[in-house]
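Please take a guided walk through this protein with me. We will stop at a few residues and helices and look at what surrounds them.

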Amino acid sequence: MDWDDLRLFLAVARHGGLAGAAGETGKSAPTLGRRMLALERAAGLELFRRLPRGYELTEQGQDFLARVTDLEAQIRPLTDQAEGRRRVLVKISAGTWMTKVLCEQAGEILGEDATAALRFISADHVLDIAHREAVIGIRNRRPEQIGLACRKVGRVRFAGYACDEAERPWARVLGKTPSALWVAENTEGTACLEVTNPRGALDLALAGTVRAVLPTFIGDREAALQRVTAPIKELDHDQWLVTHHEERFAPAVRQTIDRVYRILRALHRGPGSGPGRSRNGSRGVS
């Protein structure tokens, strides 16, 4: 037996069941149920009566609780001291544009308590949350992988942007994202400037050099830019906030998820979230 098993036992015993203990420990109810069964087998004791409405301590369980409570009194000062120094690493994976938004809001995500250590991972490919490559992911489609929890946050739209309506080359991003592929297909034979990173397209547009296809939540916030096309319907997609179904119960992760969700919902309710129209009334890329 290790202390983590005994700590979970204390939570289940004090809450009288798995649901309350799950909220305290960050473990799911099925995980707690398995851990309690393993603990009983390791101790050679029947600790609980499993009732329809909860877990009730047996006489052996009550005696075991008294002994573990004494042990907790000795261990608690050590664990409290360690917890006071520890920050839970929360890795947030998103594409270029959403990473830009989240970095700008990092202070709000951390909060005054700063219980999490944030790591922003900007990647156009999907990281494997089930294998802990990331803790939180922002995806452009609902995940199908078993063991992940998700929540839809809004609808993403794209449009063409430039500093004015004058004819300029298009910024073509060398990549496999839907927007990069769409621009490559629809600007074939026209003047273009190529960049290897989407952020380069924004920088060129702000410099007045090109027209660039950007998410409306990025382009509409830039005072120096205006829409030169209508929203590009082919690039519309829902956005999902994804995490591991068990890890989301950890307090620092849960807090980070809630704060990121609020930021994304506010972003999608902003002026760039609606269908909109270009200033010249045109549609598509020309």
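Helices here are DSSP runs of H or I with at least four residues, strands are runs of E with at least two, and both are numbered from the N terminus. This is a predicted model, in which local features need pLDDT of at least 70 and side-chain atom pairs count only at pLDDT 80 or more, while totals for chains, interfaces and linings use all residues. Residues are numbered from 1 along each chain as its sequence is written, and side-chain values use heavy atoms, with hydrogens and water left out.

Is Lys100 buried or exposed? Lys100 counts as buried because its relative accessible area is 14%; buried means under 20%, exposed means over 50%, and partly exposed is in between, using a 1.4 Å probe and protein chains only. The Lys100 side chain makes a polar contact with the side chain of Glu104, at 2.8 Å. A polar contact is a pair of N or O atoms within 3.5 Å; within protein, one must be able to donate a hydrogen and the other to accept it, and residues adjacent in sequence count only if both atoms are side-chain atoms. If we set aside residues up to four places away in sequence, Lys100 touches Arg199, Leu202, Ile218, Arg221 and Glu222, where contact means heavy atoms within 4.5 Å.

Now step back to the whole of α5. This helix is mostly covered, with seven of its nine residues buried. They are Thr96, Trp97, Met98, Thr99, Lys100, Val101 and Leu102.

Which helix does α5 cross at roughly 115 degrees? The partner is α10 (residues 251-268), and the two axes come within 11 Å. Axes are lines fitted to C-alpha atoms, for helices over the stretch in contact, and angles run from 0 to 180 degrees between N-to-C directions. The angle therefore makes α5 roughly perpendicular to α10; under 35 degrees counts as roughly parallel, over 145 as roughly antiparallel, 65 to 115 as roughly perpendicular and the rest as oblique. Where the helices meet, α5 brings Met98, Val101 and Leu102, and α10 brings Val260, Ile263, Leu264 and Leu267. The residues of this contact divide into seven nonpolar, no polar and no charged. Here Ala, Val, Leu, Ile, Met, Phe, Trp, Tyr, Cys and Pro count as nonpolar, Asp, Glu, Lys and Arg as charged, and the others, Gly among them, as polar.

Next, visit another pair of helices. Helix α1 (residues 3-15) and α2 pack with their axes 8 Å apart, at an angle of about 135 degrees, so these two are oblique to each other. On the α1 side the contact is made by Arg7, Leu8, Ala11, Val12 and His15, and on the α2 side by Leu18, Gly20, Ala21, Glu24 and Thr25. By class, the contact of α1 with α2 has five nonpolar, three polar and two charged residues.

Two glycines are worth a look here. Gly17 lies in the loop between α1 and α2 and counts as buried because its relative accessibility is 8%. Apart from neighbours within four places in sequence, Gly17 is in contact with Val12, Gly54 and Tyr55. Gly23 is found in α2 (residues 18-25), and at 56% relative accessibility Gly23 counts as exposed.

Our last stop is Val173, in strand β8, residues 170-173. Val173 is buried, with a relative accessible area of 17%. Beyond its neighbours within four places in sequence, Val173 is in contact with Ala180, Val195, Asn197, Pro198 and Ala201.
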